Each structure stands twice: as structure tokens, then as C-alpha cells.
Amino acid sequence: MKQILFLLVTTLLIGSTAISCKSVDLRTDALKTNSITKAEQKGKDLLIEAKTAMGYDKLSATKVYEADAEFDWKGIWLLMPMNAFPGNNNKELKLRLATNSFDGQVEYKEGRKEGVIQGVQSWEGYKQEVGSDYLKRHEHDRYIWGLATYHYLMEAPMHLPDAEIIRYAGQKEIEGQTYETVYVTWGSEEPNKQFDRFLVYINPTTKHIDLLEVTINDFFLPMPKGMQHATARYERKKTSIGAYLPSNVQIQLKGPKKLENKVYSFALSNYKFDSFDKELLYPLDDVARIGFNKLGE
């Protein structure tokens with residue numbers, strides 16, 4: 001039955017997005033028409049201001065951190081292949097991450113995988129079974145992609161100000177709240193196949209990043225263009241180091257929608273900083289450490 005539902009939903013989604021054969025363009029009309037003066041400087045200023053207001057300079061001063069995580073998938077979406085940690089819906093996970101990198105690991109705290117650790121080091125995946133010191137290399141792209149993606153979503157405010165292309169994109173209103181938006185990408189301002197694009201929504205009162213609209217060029221499975229577009233909606237809480245880090249992240253398909261229209265969400269709690277040895281995240285002696293870089297860069 002689950003297989004039939006999966007095939008039905010997949011067919012409907014592909015059919016509904018087939019008309020979206022072009023790359024998603026997150027640029028606002030004001031950007032497309034070059035009607036914003038000093039767009040680059042204003043965009044950079046807003047991103048730097050947001051990074052400071054959320055205390056991400058304090059996070060960048062740490063070496064490692066950890067947090068409890070719990071994923072909540074909505075309905076049939078649970079069966080879809082974008083679920084990076086299958087079999088763990090509404091079950092506690094532990095994320096351990098190296099700051100300013102894509103390196104980290106997940107430990108399953110309950111369920112059928114309790115005690116199992118899966119990690120990524122310089123885009124190489126590994127797995128450690130319960131009670132074993134043996135590290136099995138694996139190439140399950142969904143785990144590698146998932147760990148790296150969630151890591152980036154948590155640290156995005158720290159990295160976005162360093163992007164190659166930054167443009168202030170004007171104001172947008174979401175459910176009665178007006179946001180300053182900033183367009184961020186690499187390579188070219190126009191959509192391209194190599195680099196992802198971001199539209200950052202900054203609350204003008206708190207200076208926090210409340211939403212992040214993204215395109216996903218490097219998904220681990222072939223996907224229609226229309227599904228290579230999602231929005232992350234953030235709730236934040238102040239942590240022990242003074243940084244306002246995500247406490248709940250809601251993922252929506254395509255652009256921002258009403259809060260109840262989610263594909264899934266994940267809650268983050270019990271942050272701890274420099275609470276373990278960084279070497280724990282680098283068990284593969286034959287793999288060079290490339291930090292905050294992608295393969296081929």
C-alpha cells in the first residue's frame with residue numbers, strides 16, 4: 001500500500017511540476033529591471049547586520065556544537081525520497097557538527113537504529129554500528145546530502161554575507177509581515193545550473209532571518225525543476241553563547257506559504273558548544289579535511 005501511495009504521489013508531483021521546465025528564478029521584478037540603486041552594498045549591509053543581530057559571530061568562534069533534533073513529516077511526504085533519515089519520524093536524533101564546514105554526524109537515539117552513527121567528512125560518508133569501532137564507508141547520498149543540507153540551513157547566516165553575488169531585492173509581505181529581501185547566488189545573477197540561489201527574508205524589527213527561499217540544484221535524486229525550490233521558515237531561540245539559533249525549521253515546497261502548509265519540520269534543542277573533541281567528527285584518516293567547501297571547488 002505504501003509503495004502504491006508513493007508512486008501515486010510521485011506521479012502527481014512530477015505531473016504538476018512538468019510545466020516548470022525552466023530553472024527557478026528568485027529575482028524580484030525590481031532586480032530584473034535594475035531599478036534598485038546601490039543594490040549590492042545595501043544587500044551586503046543587511047546580511048552583515050542580520051549576522052550580527054543573531055549572534056552568528058559567537059557561533060563562528062566555536063569549533064564544534066551539538067543539538068537534539070526531531071523531524072516531523074506531514075502525511076504522505078514521509079514516504080518521499082527527500083526524507084534523509086528514513087524510519088525516524090518523531091524520534092530523537094543527536095546532531096554533532098563542526099562549525100564552518102559541511103562535516104558532521106547524526107546519532108539515532110531511539111527506534112530501530114538506536115545507537116547507530118552516520119556521518120560525513122569532506123563529502124565522504126561513513127557508518128558506525130552499535131558497539132563497534134568499525135567504520136563502514138557508504139555512499140548513501142540521501143544521508144550525506146541530508147547532513148550537509150541541514151548543517152548549512154543552521155549556519156546560513158554565517159556564510160551568506162561571503163557570497164559572490166549579493167543584491168538587495170526590495171520588500172515583500174508575508175502574512176501581514178513586511179520583510180527586507182536579499183538575493184544571493186554565485187556564478188551569474190541569472191539562474192544557472194551550477195549554483196543554488198537564495199532569497200533571504202529579514203525581519204526589519206529584529207534583524208533576524210525569518211525565511212530562506214532556496215533553489216536546490218544538487219539534490220541527490222533527479223527532480224523536476226518545479227520541485228527544486230523550497231522555503232525554510234525559522235523560529236529562533238537564544239542559546240548559551242548568545243546566538244539566536246534555529247529552534248524549529250519548517251520546510252515548504254516552492255515559495256512561502258501559510259504556516260500550516262509544510263512538507264516537514266525539524267525541531268532543534270539542547271544546544272551545546274565545544275562539548276566534545278572535534279576529532280570525533282574526523283574518523284577517516286585517509287580523507288583530507290576541506291572545511292567549508294564542496295568537492296571540485
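Let's start with Glu-189, which is buried, with a relative accessible area of 16%; buried means under 20%, exposed over 50%, and partly exposed in between, using a 1.4 Å probe and protein chains only. Before I go on: this is a predicted model, where local features need pLDDT of at least 70 and side-chain atom pairs count only at pLDDT 80 or more, while totals for chains, interfaces and linings use all residues. Residues are numbered from 1 along each chain as its sequence is written, and side-chain values use heavy atoms, with hydrogens and water left out.

So where is Glu-189 found? Look in the loop between S8 and S9; helices (H or I, at least four residues) and strands (E, at least two) are DSSP runs, numbered from the N terminus. Setting aside neighbours within four places in sequence, Glu-189 is in contact (heavy atoms within 4.5 Å) with Arg-27, Leu-31, Ile-165, Arg-167 and Tyr-183. With Arg-167, its side chain forms a salt bridge of 3.2 Å, N to O. By salt bridge I mean a side-chain nitrogen of Lys or Arg within 4 Å of a carboxyl oxygen of Asp or Glu. Arg-167 lies in strand S7, so this pair ties together parts that are 22 residues apart in sequence.

Now, how many salt bridges does the structure hold? There are 15. One of them joins the side chains of Glu-66 and Arg-96, at 4.0 Å. Glu-66 sits in strand S1 (residues 64–73) and Arg-96 in strand S2 (residues 92–98), so parts 30 residues apart in sequence are tied together. Glu-66 is buried at 10% relative accessibility, and Arg-96 is buried at 12%.

Another salt bridge pairs Glu-124 with Arg-137, their closest N and O atoms being 3.9 Å apart. It links strand S5 (residues 124–128) to strand S6 (residues 135–138). Here Glu-124 is partly exposed at 35%, and Arg-137 is partly exposed at 39%.

Last stop, helix H3. Which residues of H3 are buried? They are Ala-39, Gly-43, Leu-46, Leu-47 and Ala-50. Seen down the axis of H3, they fall within an arc of 95°, so they line one face of the helix; the arc is that of the directions from the helix axis to the C-beta atoms. These buried residues pack against strands S7 (165–174), S8 (177–185), S9 (198–202) and S10 (209–215).
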